[in-house]
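Welcome! Here are some exercises to work through with the structure open beside you. Try each task on your own before you read its solution.

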Amino acid sequence: METRQALLVDAFAAEPTVGTPAGVVPDAAGLTDDQLRAVAGELGARATAFVLPAEEADRRLRFFTPTGEVDRSAAATVAAHAALSERGIADAGEWTVATGDGVVDGETKESGTVWVDLGRAEVTEVDLAYDEVAAALGVDPATLQDVGADLPLATAALGESWLAVPVNYFEHLSGLSVDAAAVDELCDAVDADGVYPFTFDTVGGDATRRSTLHGRAFRAGAGGTEAPIVGSAAGAVAAFVRRRGALDSTIEQVVVEGGHFRDRPGTVSVDTDGDEVWIGGRGATALDGSLSVPDSNDDDIIEV
């Protein structure tokens, strides 16, 4: 039974136990799909990135959830490259990575921030009643209509599609009482993967780098449980507000914060012209260990 290094890395965070946890296996060469799936299930993160050699890119990443393979994961991509850089496996600079969604460009800065090209955001205004959306989130409809930037309800997508819901003040965003069944119905109505209420009121930042948006992510089918900060959602919604002209022209880089109501605060930096989107974030290793991986025809439980 062979052993592989396995990590849990918190993406969009500069320290462990906050941000969005992702699994990383720095050397997954030779592992079968069944073994990759088993390792991802053992690590238990929403997504685990398995690093593999590639001919058409600097490396290949395969992403597995505990239930199966997915084509992309922004958090796991950031986590993997933060971990590779931290361990001296990959130098700072530009890189390419082959994924199930094609070859993706990225860059690791000397500071440790990992930037990933997520492509073009698709933004579509939707025809939903504010009363219906407000009832799903447990807020007064006026909190969704009285938004200074006069933003409409829209879906914003970078892979996953999110129903972007502008909220006027942070106190109203913080006081959500989500109806899980109603959220699922909203997502079905507009073909979205989740609902993303957000506000221009923020918690974090400092005198030189203040956050631009605060968002909360509720995926369909999650029973109303809030996800930690979601990189693709942050990037898509940042593109939406940039496209609508809702940001001051002096704001060159959008900083989206989230995860605070899960006690896992994090930030996603977004470079976008309203169409193309790059997201950036740090990664911090929370767990570094080894897994004893059973043979591919072995049904034994993986040992940590």
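**Exercise 1: Two residues compared**

Q35 belongs to helix α1, residues 33–43. The model is a predicted one, in which local features need pLDDT of at least 70, side-chain atom pairs count only at pLDDT 80 or more, and totals for chains, interfaces and linings use all residues. Residues are numbered from 1 along each chain as its sequence is written, and side-chain values use heavy atoms, with hydrogens and water left out.

Solution. 
- Step 1. Learn the classes: buried means under 20% relative accessible area, exposed over 50%, and partly exposed in between, with a 1.4 Å probe and protein chains only. Helices (H or I, at least four residues) and strands (E, at least two) are DSSP runs, numbered from the N terminus.
- Step 2. Look for contacts, meaning heavy atoms within 4.5 Å. Apart from neighbours within four places in sequence, Q35 is in contact with G30, V293, P294, D295 and S296.
- Step 3. Turn to I89, in the loop between α2 and β6 (93–99).
- Step 4. With neighbours within four places in sequence left aside, I89 is in contact with P26 and L84.

**Exercise 2: A hairpin and a core**

Task: find which residue stands opposite V270 in β18, and which residues V270 touches.

Solution. 
- Step 1. Two strands pair if DSSP finds at least two bridges between them. Strand β17 (residues 266–272) and β18 run antiparallel, joined by 4 bridges.
- Step 2. In this pairing, I279 is the residue opposite V270.
- Step 3. The two strands, β17 and β18, form a hairpin with 3 residues between them, and G274 in the turn has a positive phi of about 100 degrees.
- Step 4. On to another partner: β8 (residues 114–120) and β18 (residues 276–281) also run antiparallel, with 6 bridges. Here V114 has G281 as its bridge partner.
- Step 5. Not counting residues up to four places away in sequence, V270 touches W115, A234, G235, A238, Q253, V254, V256, V277, W278 and I279.
- Step 6. A nonpolar core is a set of buried Ala, Val, Leu, Ile, Met, Phe, Trp, Tyr and Cys residues joined through side-chain atoms within 4.5 Å. The largest one has 56 residues, and V270 and I279 are among those with the most contacts inside it. Helix α2 gives the most to this core, with 9 residues.
- Step 7. A second, separate core has 21 residues, including V139 and L186.

**Exercise 3: The largest pocket**

Task: state how much space lies in the largest pocket and which residues are closest to its centre.

Solution. 
- Step 1. On a 1 Å grid over the protein atoms alone, a pocket is an open set of points with protein on both sides within 12 Å along at least five of seven lines; lining residues have an atom within 4 Å of a point. Grid points are joined across faces, edges and corners, and a volume is the space filled by probe spheres set on the points.
- Step 2. The largest pocket holds about 670 Å³ of space.
- Step 3. It has 31 lining residues, and R46, A47, S73, E160 and R219 are the closest to its centre.
- Step 4. At least two lining residues come from each of β2 (20–25), α2 (74–86), β15 (226–227) and α7 (231–243).

Technical notes
1 Å grid on protein atoms, 1.4 Å probe; cavity = no way out; pocket = protein on both sides within 12 Å on 5 of 7 lines; lining within 4 Å.
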